[in-house]
Amino acid sequence: MADWTRAQSPGAVEEILDRENKRMADSLASKVTRLKSDSDFMSVTGLLTGSVKRFSTVARSGRDNRKLLCGMAVGLIVAFFILSYLLSRART
């Protein structure tokens, strides 16, 4: 019986090690996925920060730019309402 236990032992050990390796690989894959999403979030944050800085610079640069900026803002708001109206009509 000792020979049978010894013969089965390496296979059982390999199976246990294989399961542990798969578990660790899955854990590593989930960590990599989380890091990638954090990296994407940071790049979007950087993009938004840069856009806000440029917007603030334009807003502070003078009266003519303020008029242009207000006109653009009003135009964007009007365009948003027109698009939302058209989409709501297209759905019905």
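Arg-19 and Glu-15 are four residues apart in helix α1 (residues 2–60), and are therefore separated by about one helical turn. Helices (H or I, at least four residues) and strands (E, at least two) are taken as DSSP runs and numbered from the N terminus. The two side chains form a salt bridge in which the closest N and O atoms of Arg-19 and Glu-15 are 3.0 Å apart; the term denotes a side-chain nitrogen of Lys or Arg within 4 Å of a carboxyl oxygen of Asp or Glu. Glu-15 is partly exposed, because its relative accessible area is 47%. On this scale, buried means under 20% relative accessible area, exposed over 50%, and partly exposed in between, with a 1.4 Å probe and protein chains only.

The model is predicted; local features need pLDDT of at least 70, side-chain atom pairs count only at pLDDT 80 or more, and totals for chains, interfaces and linings use all residues. Residues are numbered from 1 along each chain as its sequence is written, and side-chain values use heavy atoms, with hydrogens and water left out.

The structure holds three salt bridges. Besides the pair of Arg-19 and Glu-15, Lys-22 bridges to Asp-18, with the closest N and O atoms 3.6 Å apart. Lys-22 and Asp-18 are both in helix α1, at a spacing of four residues or about one turn of the helix. Asp-18 counts as partly exposed because its relative accessibility is 39%. Arg-23 forms a salt bridge with Glu-20, where the closest N and O atoms are 2.5 Å apart. Since Arg-23 and Glu-20 are three residues apart in helix α1, about one helical turn separates them. Arg-23 is partly exposed at 49% relative accessibility, and Glu-20 is partly exposed at 33%.

The protein contains two helices and zero strands. Of its 92 residues, 1% are buried.

In an unreviewed UniProt entry, the annotation "transmembrane region" covers residues 68–87. UniProt positions are given in the numbering used here, feature names are shortened, and annotations may be inferred rather than shown by experiment. Over residues 68–87 the chain is 100% helix and 0% strand, with the end C-alpha atoms 28 Å apart.

A nonpolar surface patch of about 580 Å² is formed by Val-74, Val-78, Ile-82, Leu-83, Tyr-85 and Leu-86. Patches consist of residues with over 30% relative accessible area and no salt bridge, like charges being joined within 9 Å and nonpolar side chains (Val, Leu, Ile, Met, Phe, Trp, Tyr) within 5 Å. Leu-86 lies in helix α2 (residues 63–91) and is partly exposed at 48% relative accessibility.

One aromatic pair is found in a search of the whole structure. Phe-80 and Phe-81 form this edge-to-face pair, at 5.6 Å centre to centre and with 65 degrees between the planes. Rings of Phe, Tyr and Trp (its six-membered ring) pair if their centres lie within 6.5 Å; planes under 30 degrees apart count as stacked, over 60 as edge-to-face and the rest as tilted. Both Phe-80 and Phe-81 are exposed.

Ser-88 is also placed in helix α2 and is partly exposed at 38% relative accessibility. The Ser-88 side chain reaches the backbone oxygen of Tyr-85 at 2.8 Å.

Definitions and conventions. Accessible areas come from the Shrake-Rupley method with a 1.4 Å probe; for residues, only the protein chains shown count as cover. A polar contact is a pair of N or O atoms within 3.5 Å; within protein, one must be able to donate a hydrogen and the other to accept it, and residues adjacent in sequence count only if both atoms are side-chain atoms.
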